[in-house]
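Subject: Structure handover

Hi there,

Here is the structure I promised to pass on. Have a look at it first, and then read on for what I found.

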Amino acid sequence: MVGGASGGSTRQTDLPIDATGAVPRQIACHSLGVDQRPARLWCVETGDLVEREKGLSTLEQWYLEYHIHKDRPGLLGDIASLLGMLSINILTVSGVDEFNRGFLLTTNDRQKISALRSMLRKVENITVTALRQPTLLDRLALRHGVFIQRESSENTKTYKFTRDQLGILVDFLGELLKKEGNQVIGIRGMPRVGKTESIVAASVYANKRWSFVSSTLLRQTIRTRLDEDEMFADNMVFLLDGIVSTHRANDQHRSLVREIMRLEAPKVIEHPDIFVRETEFGWEHFDRIIELRNTPDEEISYQMIQTGFSSFDIS
């Protein structure tokens, strides 16, 4: 089963797209309104600087986040004024969780960031928790107003979501799937929590085609070969169900799984614990693990599969 994205991301945008699903360069870039020179042009979709005048330093983006101990009147205005005095531009400001606030900033002078760091230490009622060049997680926190939870500092490749955060999950997974080359992503979760639907939506977000290698979304799918256009396409995402591929498949399917794992393309594997337990592939083959729960305290358990997978509803 193969699906394809007919456009770009699932996010609403007033910008036109070209035949490849990309926003045209001359339209996707706009001025910050502070400076009309080409050095101030930024790409709306990626946030990258795409044009600048010779002799000027490249603008860099920075993520500022602080924790609010006491949200007194005028606190945000004080921070904004401080940034204005340093000529640091504010692209985005958003509340993150209940007592944190985040900013996406731009400046062409790193010394201004050092000065900002020192000055913010003197501001009462706040504690700076981040001042760095933005990561994907920082951008998503600004976009959605919540932090993506991670397992622990020792296992930073595990990310936790609940069903009411499916929109954030789709954005996060979609940004990962935009990356070229080989990557393997595992998704843990109990039945009917939204795993497969999120993968499909993220593929649309990333403007990628998706191919069910093994699945039970609509009907049981166990494939034994790929079509030629799937094998050599550079915009494919392969979806596998770890239970179906290990408990219901034949040798031909398992051979296909090994072949797909060698392809330079994204693979998303549901029930990765079973996949690792029943195949020669280990956790070192996974770049990221995503956990999706109905509630934050829900236990993801495969205990029923220990004696027989038929009692575990994987549809």
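Let me start with a histidine: with a relative accessibility of 0%, H253 counts as buried, a class that covers anything under 20% relative accessible area, while exposed is over 50% and partly exposed is in between (1.4 Å probe, protein chains only). H253 sits in helix α9 (residues 251-262); helices (H or I, at least four residues) and strands (E, at least two) are DSSP runs, numbered from the N terminus. Setting aside residues up to four places away in sequence, H253 touches V213, S214, I222, R223, T224 and S245, where a contact means heavy atoms within 4.5 Å.

Some housekeeping before the rest. This is a predicted model, in which local features need pLDDT of at least 70 and side-chain atom pairs count only at pLDDT 80 or more, whereas totals for chains, interfaces and linings use all residues. Residues are numbered from 1 along each chain as its sequence is written, and side-chain values use heavy atoms, with hydrogens and water left out.

The protein chain has an average pLDDT of 82, and 77% of the residues score at least 70; pLDDT is the predictor's confidence in each residue, from 0 to 100. Please be careful with two stretches. Over residues 6-56 pLDDT stays under 50, and the model has 84 contacts beyond four places in sequence for them. Residues 307-315 also stay under 50, with 23 such contacts.

The overall picture

The protein chain holds 10 helices and 17 strands. Of its 315 residues, 46% count as buried. Taking contacts between residues at least 6 apart in sequence, 69% join residues at least 24 apart. The chain exposes about 16,200 Å², of which carbon and sulfur atoms supply 47%; accessible areas come from the Shrake-Rupley method with a 1.4 Å probe, and for residues only the protein chains shown count as cover.

The cores

In soluble globular proteins, nonpolar side chains tend to be buried together. Here the largest nonpolar core has 25 residues, and those with the most contacts inside it are I148, F161, F172, L173, L177, L239 and I290. By nonpolar core I mean a set of buried Ala, Val, Leu, Ile, Met, Phe, Trp, Tyr and Cys residues joined through side-chain atoms within 4.5 Å. Two or more residues of this core come from each of α4 (136-144), β10 (158-162), α5 (166-177), β11, α6, β12 (209-212), β15 (236-241) and β17 (288-293). Helix α5 gives the largest share, six residues. Apart from this core lies another, of 19 residues, including V213, M236, F238 and M261.

L239 is in contact with I199, V200, W210, S211, F212, V213, S214 and V268, leaving aside its neighbours within four places in sequence. In α4, the buried residues are L137, D138, L140, A141 and L142, and just after this helix G145 takes a positive phi of about 80°.

Helix α5 also holds E175, which counts as buried because its relative accessibility is 18%. Beyond residues up to four places away in sequence, E175 touches L136, R143 and Y205.

Loops and surface

G194 lies in the loop between β11 (183-188) and α6 (195-205) and counts as buried, at 8% relative accessibility. Its contacts outside four places in sequence are R163, L166 and L292.

D97 is in the loop between β6 and β7 (100-107) and is partly exposed at 39% relative accessibility. H271 belongs to the loop between β16 (266-270) and α10 (272-278) and is buried, at 1%.

Finally, I90, in strand β6 (residues 89-96), is partly exposed at 37% relative accessibility.

Happy to talk any of this through.

Best wishes
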